[in-house]
Amino acid sequence: MQLFRYIALVVLFAEGCDTAKKVQVSGVKPVVKTDTATVQVIHERPLYRAAETRLTEVVHTKLEVKFDWAKTYLYGQATLTCRPYFYNEDRVELDARGMDIHEVALLKAEAMPDGRQEKTKLDYTYTGELLKINLDKSYSRQDTFRLFIDYTAKPNELKKKGGSAAISDDKGLYFINPDGKEKDKPREIWTQGETQSNSVWFPCIDKPNEKMTEEIYITVDTNFTTLSNGELVYQKENGDGTRTDYWTMELPHSTYLVMMAVGEFKVVKDKWRDREVNYYMEAAYAPYAKAIFGKTPEMIETFSTLLGVDYPWNKYSQVIVRDYVSGAMENTTATLHGEFLNQTSREMLDKDFEDVISHELFHHWFGDLVTCESWSNIPLNESFATYGEYLWIERKYGREAADGHRREDLDKYMREARRKQVNLVRYDYTDREEVFDRHTYEKGGLILHMLRKYVGDEVFFAALKLYLQTNKFGNAEVANLRMAFEKVCGEDLNWFFNEWFFASGYPDLEITRDYSPISQHYTVTIEQKQDFAKTPLYKLPMDIDLYSEGKVVRKRIVVDKQKQSFEFEAAVQPLFVNVDAEQMVVAKVKDTCQSTAELAYAYHHLPLYENRREALLGLFRNKSSDQYKECIQSALDDPCWELRVLAISGLEPVLKGNENALREKLVGVAGRDPKSLVRGKALTFLSKNFSEPSLISVYRDALKDSSYSVISRGLVALSKADSLEGLRTAKTMEKDKNVQVLFAVMQVYDRYGSDENNDFFVSEQDKFKGQWLSSFVFVYGEFLLRCSDGTVNKGLKLFSGLVTEEDNYLKFSLRTTLTELESMYAKRKKKLEEQISARIEKKEETGDLAAKKEEVEGVLKKIEALVPPKEGKTISSRF
Ligand SMILES: [Zn+2]
């Protein structure tokens with residue numbers, strides 16, 4: 001499947017190269033006309049808030065830790081090698097949250113002959129957040145001194161400070177299933193440092209611009225495996241059922257990147273050049289380790305080559321843990337992933353997580369090697385890691401696939417921009433967690449792509465190399481990145497960085513076009529329509545391609561006025577004029593004056609995924625046109641699967657008179673398309689639009705597909721065509737392990753089942769997590785609407801176990817579902833009341849109805865008590 005896409009792209013690129021050469025021979029010159037004055041732009045500049053002042057440095061941390069699973073405590077001894085940053089210091093302030101501090105002492109420089117360290121006790125005060133230590137004298141920056149701290153970390157007794165939108169908690173240290181009472185869940189311990197949570201489990205200076213080397217002795221029961229940063233130097237059996245693992249990290253990195261993980265992991269070994277690449281897995285998923293992570297060495301090689309800076313660390317390990325509080329975390333040399341990465345090879349046919357794996361790996365240059373100086377400069381970590389996903393997909397699968405990924409990012413950013421527009425670099429945040437948003441990730445990645453397209457690949461990658469080499473093992477602000485680019489290409493780039501990193505919003509462009517056969521000019525007019533009180537008037541370099549018979553002419557224009565016209569000499573009207581031909585500008589674009597003929601030409605002749613997508617979407621505006629009919633059917637064979645899905649979603653208007661051909665075509669797509677999501681989409685379309693009994697065999701065949709999503713759609717389609725066969729088949733699939741399949745079974749029961757299927761919903765509920773759980777609530781709620789009071793009561797019991805969950809999606813689905821049930825019971829109650837009144841009028845017995853009404857009221861009261869309130873913050877994943 002991937003090979004198929006790749007070959008298709010090679011063909012496209014070959015055509016693109018050919019046309020690019022023809023640009024050289026054209027003599028057409030653009031004439032730039034401006035018809036409005038420059039708009040005064042007011043930038044609101046927040047005051048610079050000193051980010052991270054440094055008084056004392058911790059240059060090295062040595063930790064010895066062991067765990068109390070019953071109390072969920074960590075017993076630790078820390079030895080911190082410190083040095084005043086510049087000024088003389090006679091006190092040190094350390095971050096240490098929620099600990100018991102037992103002893104603070106100064107260690108003598110020399111150890112005693114028996115190896116013990118002589119200690120001098122030091123005075124200190126402890127606020128529960130800060131450990132303020134008075135030193136024995138004043139130290140200068142030429143001195144180093146070693147602090148010894150004996151402490152107990154108590155993460156579960158920490159007063160909750162609210163966590164963030166990104167990380168749902170900030171405990172730093174997590175004990176998973178500590179008493180082993182949860183069946184089917186392993187016992188684990190793992191840490192999450194970002195942003196400033198590692199100070200819960202060791203005393204430190206918990207700031208991103210604090211870099212240190214470290215070593216850690218982790219003592220665990222012998223059945224556990226440990227993972228930490230750097231190298232596992234040795235493991236020592238202690239003879240009491242415990243073992244101590246000694247890890248050292250000899251290169252400096254930031255405090256928040258320190259990690260450890262403890263669990264009964266199986267370690268699957270891999271290799272990049274001569275360095276270890278390891279995957280720490282639950283035993284059940286170890287057979288899939290290579291399928292999940294196997295491209296990691298190739299990714300490391302790809303990024304090392306692309307950046308001209310080899311992977312800088314001694315090893316690369318990845319671990320998957322349970323109940324992780326975020327998406328994944330780039331702890332140096334030891335990335336930690338949430339359990340969504342636990343997938344079988346079959347599950348990966350529908351969706352893999354190479355984007356997440358490449359994201360965390362790219363952080364090992366951008367984030368770990370060069371770290372943002374403060375959280376205000378977090379785009380230097382996250383925008384790059386997000387762009388790392390694009391770079392991997394582009395290198396491995398081609399531009400077409402990468403552009404599909406870019407489109408997802410652009411949509412995500414634009415969705416957030418509807419409710420929030422902020423600068424990328426924010427010195428004025430109120431909570432440091434709020435910078436982890438779709439601006440920092442997706443918009444930042446899109447901006448880097450735009451910068452790459454503007455300066456060209458050679459400058460872009462040379463500048464990244466210079467930036468990495470100049471700032472390695474240190475910290476940077478966005479200005480450091482700008483200066484690296486300026487040093488390589490010579491151009492002052494303040495304009496670009498000011499527009500995109502230090503201002504909010506995006507260009508809102510309206511494009512109009514006109515061709516005059518008399519003057520023989522084609523005119524493109526571009527108007528910037530954003531609100532200039534909040535958003536800059538942008539300078540936007542972009543390319544325009546003019547297509548005429550047999551050739552393409554490319555011109556670079558610079559849009560820098562509110563409204564600007566660009567005229568191009570053209571003896572005959574061009575077949576198509578492609579504005580922003582490289583699809584580089586991050587903007588909202590209204591460009592609606594192309595004819596259907598032009599759009600059809602664009603669909604068939606333009607080289608990029610985004611060009612073809614825009615052409616199809618443009619044609620959607622005129623669904624009765626012949627061009628729409630032709631292009632939407634051609635797009636069923638588009639090399640890009642996203643466009644094949646788009647094509648199926650646009651087929652209904654062309655069905656009439658074309659039924660047989662389209663049915664046959666879609667039967668072929670459902671059986672043979674290389675992408676499972678396209679096969680599934682075709683099944684759903686067939687099921688919705690055709691009722692021929694012959695299709696039942698197509699749906700039966702879908703049940704034998706390798707992809708779970710196709711099987712699921714096949715089952716739902718089958719039940720729609722023949723509900724009895726659907727129900728019978730669903731019953732045979734109740735034991736399936738895949739959540740998608742279980743969900744499809746539930747959809748069948750929802751539509752055609754009865755009370756007797758309730759037990760299945762109840763017994764399988766705990767298999768649904770995250771957004772799947774919200775979907776479960778919706779489908780179960782619909783099922784209950786058709787059930788008896790007894791079953792509804794059982795359902796309410798299940799819902800009552802979910803209403804306390806924090807997840808906002810879940811709250812929304814519960815609220816919607818319970819409100820529907822509430823309204824159904826309110827109607828039933830009203831109807832019974834009317835019936836009772838009618839009987840009273842007729843002087844008839846009402847006892848049976850009154851009893852029924854009482855029952856209904858009882859259920860209604862239970863429902864009302866469960867409907868969750870509307871407020872609550874959204875919890876999203878971060879990577
Ligand atoms: Zn990240």
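This is a predicted model: local features need pLDDT of at least 70, side-chain atom pairs count only at pLDDT 80 or more; totals for chains, interfaces and linings use all residues.
E89 has Y139, a residue of strand 8, as its bridge partner. Strand 4 and strand 8 (residues 130-139) run antiparallel to each other and are joined over six bridges.

These two strands belong to an open sheet of three strands, ordered 4-8-7, with antiparallel pairing. Strand 4 (89-95) and strand 7 (124-126) form the edges, each pairing on one side only. From one strand to the next, the twist averages 20°.

## Helix 10

After helix 10 comes G490, which has a positive phi near 85°.

Which residues of helix 10 are buried? They are V478, L481, R482, A484, F485 and E486. An α-helix has 3.6 residues a turn, so residues three or four places apart point the same way. The cover over the buried residues of helix 10 includes helix 6 (379-397), helix 8 (439-455), helix 9 (457-471), strand 23 (474-476) and helix 11 (494-500).

## S383 in helix 6

Helix 6, one of the elements covering helix 10, contains S383. Is S383 buried or exposed? With a relative accessible area of 1%, S383 is buried, because buried residues are those under 20%.

The side chain of S383 reaches the backbone oxygen of T440 at 2.6 Å. Leaving aside residues up to four places away in sequence, S383 touches I378, L424, T440, Y441, G444, G445 and L448.

Conventions: Residues are numbered from 1 along each chain as its sequence is written. Side-chain values use heavy atoms; hydrogens and water are left out. Buried means under 20% relative accessible area, exposed over 50%, partly exposed in between (1.4 Å probe, protein chains only). Helices (H or I, at least four residues) and strands (E, at least two) are DSSP runs, numbered from the N terminus. Contact means heavy atoms within 4.5 Å. A polar contact is a pair of N or O atoms within 3.5 Å; within protein, one must be able to donate a hydrogen and the other to accept it, and residues adjacent in sequence count only if both atoms are side-chain atoms. Two strands pair if DSSP finds at least two bridges between them. Axes are lines fitted to C-alpha atoms, for helices over the stretch in contact, and angles run from 0 to 180 degrees between N-to-C directions.
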